[in-house]
Number of protein chains: 6
Amino acid sequence: QEPANSPAGQSEDALSLITGTPAEGFDLAVKLARRAVVATQPNKEVLFDQRPEYSEDAEDLIAASHVVAVHFQTIAAANDYWKD
Amino acid sequence: QEPANSPAGQSEDALSLITGTPAEGFDLAVKLARRAVVATQPNKEVLFDQRPEYSEDAEDLIAASHVVAVHFQTIAAANDYWKD
Amino acid sequence: QEPANSPAGQSEDALSLITGTPAEGFDLAVKLARRAVVATQPNKEVLFDQRPEYSEDAEDLIAASHVVAVHFQTIAAANDYWKD
Amino acid sequence: QEPANSPAGQSEDALSLITGTPAEGFDLAVKLARRAVVATQPNKEVLFDQRPEYSEDAEDLIAASHVVAVHFQTIAAANDYWKD
Amino acid sequence: QEPANSPAGQSEDALSLITGTPAEGFDLAVKLARRAVVATQPNKEVLFDQRPEYSEDAEDLIAASHVVAVHFQTIAAANDYWKD
Amino acid sequence: QEPANSPAGQSEDALSLITGTPAEGFDLAVKLARRAVVATQPNKEVLFDQRPEYSEDAEDLIAASHVVAVHFQTIAAANDYWKD
């Protein structure tokens, strides 16, 4: 439903906040957290070099989880908390 | 109600934001905070190695509590604050 | 109304977000901020050892206050800002 | 309207989120940010010793401003943004 | 509409969250972020001395931008997102 | 629709929170996160010098992503989550 991490700004980008389930909403939140990192640092090699640094550092993992939590809050509201 | 920390992205994942009580909502918030960490670092050994670092560091414990607070805010709104 | 910091996850936990006054709501927010710390680090001795570190560090005190602010926002909304 | 920083938890505390003006709402947000610090560290001497550390450190001043912003968001919503 | 950074707490302060345009709302958010810093550290000389530290430090600039984002969220809601 | 990062405060600035698609909303959130940095540090040379520091630092990239997430939450609400 959303092409692999299309660099931010491609207007024909089919990004939508509406998902079928909370699990899909959570995956989208993870994707949006990464999307902003790509928008700030489009060079995927630089990002790849950073992976060992943040993915094995508790503080960075918690900070990344925090960004996902904010996006998930947005997506959950967009889907009226998948109540129906 | 939610299988043990299923790695993010399994669409048949039965994640739901609706819980019977605030206490269950709080436990779910803790689980979602961890879920995003697993989505960023799926290697459970790496996460296990990190445990002594964050679980005995005040700053990291506070930061983790902050992520839970954001998810709990989302879950509380989803359950209309368990008013009825 | 809420037993002394019952470890997160005890489903019969009588946690409720509804309080009589903003002051009680604020105390509950402080309690919820600590509840997530206990959920992450159940060992009270480890937490006790951490106390000198965070309780005498401006940055940690501010970070803890931030978590309380997020929970208080949730609790205030749950109580419709104690308007009536 | 609110006694000098009464230590958190005094139930007869007359804390209210309703203020006459946005400026009073902002002052209340500053007070609530401090209130949580006092709840975490009731010893005013320790807090006084910390003052030089945070009040002359850009990072801490910004972090404190962030906590005020969260409380102000809560108070602004409680007062329906002082629209009338 | 809002006198130059009047120290927080002057009740006759004409602070209002209602602005004509999103751009004015954004400027107000920047002002409110600074207002809380002045409330915590009223000594403008100390703040002036801090400027080189935060204004040339990526981490501090991002943290300051975060506070503006929270205030802008509040102001945008207060103005119903300037939809009309 | 929004001139290249016009320095904050130009009242005739045509900033609007309403966008056609979520992708455009996300790009606007990235722009607003930067706008506040420019409002704090108008000297583009200083900002340019900072780029290597934050754009190759996991912690700063995550922190910047967090600011985008807050702005995106605001913009998504402004556009009623692009539901129609």
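Reply: A residue counts as buried when its relative accessible area is under 20%. That cut-off is needed at several points below. The model is predicted.

The helix is α3 of chain A, which spans residues 58-78. Take A:F72 to begin with.

What is the partner ring of A:F72? It is the ring of A:W82. The two ring centres are 5.8 Å apart, and the planes meet at 20°. Planes under 30 degrees apart count as stacked, so the pair of A:F72 and A:W82 is stacked. Is A:W82 buried or exposed? With a relative accessible area of 11%, A:W82 is buried.

A further ring joins in. A:F26, A:F72 and A:W82 make up one aromatic cluster. Over all chains, the structure holds twelve aromatic pairs.

F:F72 and F:W82 form a stacked aromatic pair, 5.7 Å centre to centre, with 20° between the planes. F:F72 belongs to helix α3 of chain F, residues 58-78. F:W82 belongs to the segment after α3 of chain F. F:F72 and F:W82 are both buried.

Back to helix α3 of chain A, now at A:S65. A:S65 has a relative accessible area of 2%, so this residue is buried. Which residues does A:S65 touch? Its contacts are B:A33, B:A36, B:V37 and B:V67, leaving aside residues up to four places away in sequence.

B:V37 leads on to a pocket. The second largest pocket has a volume of about 540 Å³. Its lining has 22 residues, and those closest to the centre are B:R34, B:V37, B:L47, B:R51 and B:Y54. Which elements give two or more residues to this lining? They are α3 of chain A, then α1 (22-40), α2 (44-55) and α3 (58-78) of chain B, and α1 (22-40) of chain C. α2(B) gives the most, with six residues. By class, the lining of the second largest pocket has 15 nonpolar, four polar and three charged residues.

Next, the symmetry. A rotation of 60°, with 0.0 Å of shift along its axis, superposes chain A on chain F at an RMSD of 0.0 Å. The two copies are thus related as by a six-fold rotation axis. Where does chain A come nearest to that axis? The C-alpha of A:V70 is the nearest in chain A, 6.9 Å from the axis. The copies use different surfaces: 17% of the contact residues of chain A recur in chain F.

Chains D and C can be treated in turn. Chain D is superposed on chain C by a rotation of 60° with 0.0 Å of shift along the axis, and the RMSD is 0.0 Å. In chain D, the C-alpha nearest the axis is that of D:V70, 6.9 Å away. These copies also use different surfaces, since 17% of the contact residues of chain D recur in chain C.

Note on methods:
Residues are numbered from 1 along each chain as its sequence is written. Chains are lettered from A and ligands numbered from 1 in the order in which they are written. This is a predicted model: local features need pLDDT of at least 70, side-chain atom pairs count only at pLDDT 80 or more; totals for chains, interfaces and linings use all residues. Side-chain values use heavy atoms; hydrogens and water are left out. Helices (H or I, at least four residues) and strands (E, at least two) are DSSP runs, numbered from the N terminus. Buried means under 20% relative accessible area, exposed over 50%, partly exposed in between (1.4 Å probe, protein chains only). Contact means heavy atoms within 4.5 Å. On a 1 Å grid over the protein atoms alone, a cavity is a set of points where a 1.4 Å probe fits but cannot get out, and a pocket is an open set with protein on both sides within 12 Å along at least five of seven lines; lining residues have an atom within 4 Å of a point. Grid points are joined across faces, edges and corners, and a volume is the space filled by probe spheres set on the points. Ala, Val, Leu, Ile, Met, Phe, Trp, Tyr, Cys and Pro count as nonpolar, Asp, Glu, Lys and Arg as charged, and the others, Gly among them, as polar. Copies are superposed by least squares on the C-alpha atoms of residues with pLDDT of at least 70 in both. Rings of Phe, Tyr and Trp (its six-membered ring) pair if their centres lie within 6.5 Å; planes under 30 degrees apart count as stacked, over 60 as edge-to-face and the rest as tilted.
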